[in-house]
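Morning, everyone. Please take a look at the structure on the screen, and then I'll walk you through it.

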Amino acid sequence: LDLLEGYDRALLLDSILTGKHPAGTILQFSKDDFKQDDSRSPHYAGLPTVLQLSESLGINFPLYIQIVAIEIENPYEVYEGLSVPVEAALPALIDRGAEIVRGWLSPEDLHWKATE
């Protein structure tokens with residue numbers, strides 16, 4: 001919560017395992033895609049839980065959150081480095097994030113978001 005408090009926008013770059021796409025696929029989400037509570041433990045808080053907490057506690061949290069994630073292979077297998085498809089797609093993940101930030105810096109996008 002404290003890492004995002006007070007910001008208008010946030011970009012999260014992460015990995016994801018949906019099982020619906022090949023490893024290395026770049027996926028993009030907004031906070032609206034994460035409405036379901038994901039609490040499995042009092043010691044774990046994923047994005048849906050953090051969003052719900054910020055709302056219920058009245059914390060000044062970003063209204064606009066973009067998540068760019070790369071589909072991974074088996075996250076339960078431990079090895080050094082990235083899998084071949086994920087490593088190959090990493091530049092595309094970074095490029096997508098940079099594209100989002102550049103869009104936020106354009107005057108047209110700033111006006112559009114302010115009226116959203």
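Start at the surface. L1, L53 and L57 form a nonpolar patch there, with about 260 Å² of accessible area together. A patch takes residues with over 30% relative accessible area and no salt bridge, joining nonpolar side chains (Val, Leu, Ile, Met, Phe, Trp, Tyr) within 5 Å and like charges within 9 Å. A salt bridge is a side-chain nitrogen of Lys or Arg within 4 Å of a carboxyl oxygen of Asp or Glu. Areas are Shrake-Rupley values with a 1.4 Å probe, and for residues only the protein chains shown count as cover.

A word on the source. This is a predicted model, where local features need pLDDT of at least 70, side-chain atom pairs need 80 or more, and totals for chains, interfaces and linings use all residues. Residues are numbered from 1 along each chain as its sequence is written, and side-chain values use heavy atoms, without hydrogens and water.

Back to L57. It lies in helix 1, residues 47–57. Helices are DSSP runs of H or I, at least four residues; strands are runs of E, at least two; both are numbered from the N terminus. L57 is exposed, at 57% relative accessible area. Exposed means over 50%, buried under 20%, partly exposed in between (1.4 Å probe, protein chains only).

Now the whole chain. It has three helices and three strands. From the N terminus, the order is β-β-α-β-α-α. Of its 116 residues, 31% are buried.

Last, helix 2. Its buried residues include V86, A89, L93, G97, I100 and W104. Why such spacing? An α-helix has 3.6 residues a turn, so residues three or four places apart point the same way.
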